[in-house]
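Student: I would like to work through this protein with you, going from its overall arrangement down to single residues. Could you show me the sequence and the structure before we begin?

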Amino acid sequence: MSLDVSPALLEKAERGEVTDAEFVTCVKESLPYAWEVITGVIADAEGTGFADNETPPPSEAARGQLLRALASDAIRGGLERHFGVKLAFQNCHRVAAFHRSEVEGDRYRAFVSPRGQLLNQSPELRDC
């Protein structure tokens, strides 16, 4: 299961739409490691427009949280809207945050390019 959804939030979702704030709170509470990494790179990007995390997760459960958060269009999109950033992801743990103004820039294009992905490979990450 990706998220721990309270009965009240599930009931609200069954009746209609939930707000981004409600959804983001659910993500924060359900995926604390992913939240910590993502909010950390967002904070680090404040002055420069870009930051990334290259530290591997401490456990497979933590790695799973990052994968769930960034592989889900709804979760990733909710976080991007909430924080006003563009998130990018390589391998199983390299999370980057870009200010929206950086999305058309060279750093963003290099990070999300096939070349960027290939240059970020290593034997240790092959099975992550």
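Student: In what order do the elements of the protein run from the N terminus on?

Tutor: This is a predicted model, and the protein in it has seven helices and three strands. Read from the N terminus on, these elements follow the order α-α-α-β-α-α-β-β-α-α.

Student: Which strands stand at the edges of the sheet?

Tutor: The three strands form an open sheet in the order β1-β3-β2, with antiparallel pairing. Neighbouring strands of this sheet are turned by 20° against each other on average, with direction ignored. A strand with a single partner has one side left without a neighbour in the sheet, and the strands for which this holds are β1 (50-53) and β2 (85-90).

Student: What is the bridge partner of Phe-89 in β3?

Tutor: Strand β2 runs antiparallel to β3, which spans residues 94-99, and six bridges join the two. Within this pairing, Phe-89 has as its bridge partner in β3 the residue Val-95.

Student: Is Asn-53 buried or exposed?

Tutor: Asn-53 is found in strand β1, and it touches Val-37, Val-41, His-93, Arg-94 and Val-95, leaving aside residues up to four places away in sequence. Its side chain also reaches the backbone oxygen of Thr-55 at 3.3 Å. Because buried means under 20% relative accessible area, the 14% relative accessibility of Asn-53 makes this residue count as buried.

Student: Which element gives the most to the largest nonpolar core?

Tutor: That core has 26 residues, of which Ile-38, Ile-75 and Leu-79 touch the most other members. At least two residues of the core come from each of α2 (20-30), α3 (32-44), α4 (60-71), α5 (73-83), β2 and β3. With seven residues, the element that gives the most is α3.

Technical notes: Residues numbered from 1 in each chain as written. Predicted model: local features only at pLDDT ≥ 70, side-chain atom pairs only at ≥ 80, totals over all residues. Heavy atoms only, no water. Pairing = 2+ DSSP bridges. Helix = DSSP H or I, 4+ residues; strand = E, 2+ residues; numbered from the N terminus. Axes fitted to C-alpha atoms, helices over the stretch in contact; angles between N-to-C directions. Buried < 20%, exposed > 50% of the residue type's maximum accessible area, 1.4 Å probe, protein only. Polar contact = N/O pair within 3.5 Å; in protein donor to acceptor, adjacent residues only side chain to side chain. Contact = heavy atoms within 4.5 Å. Core = buried A, V, L, I, M, F, W, Y, C linked by side-chain atoms within 4.5 Å.
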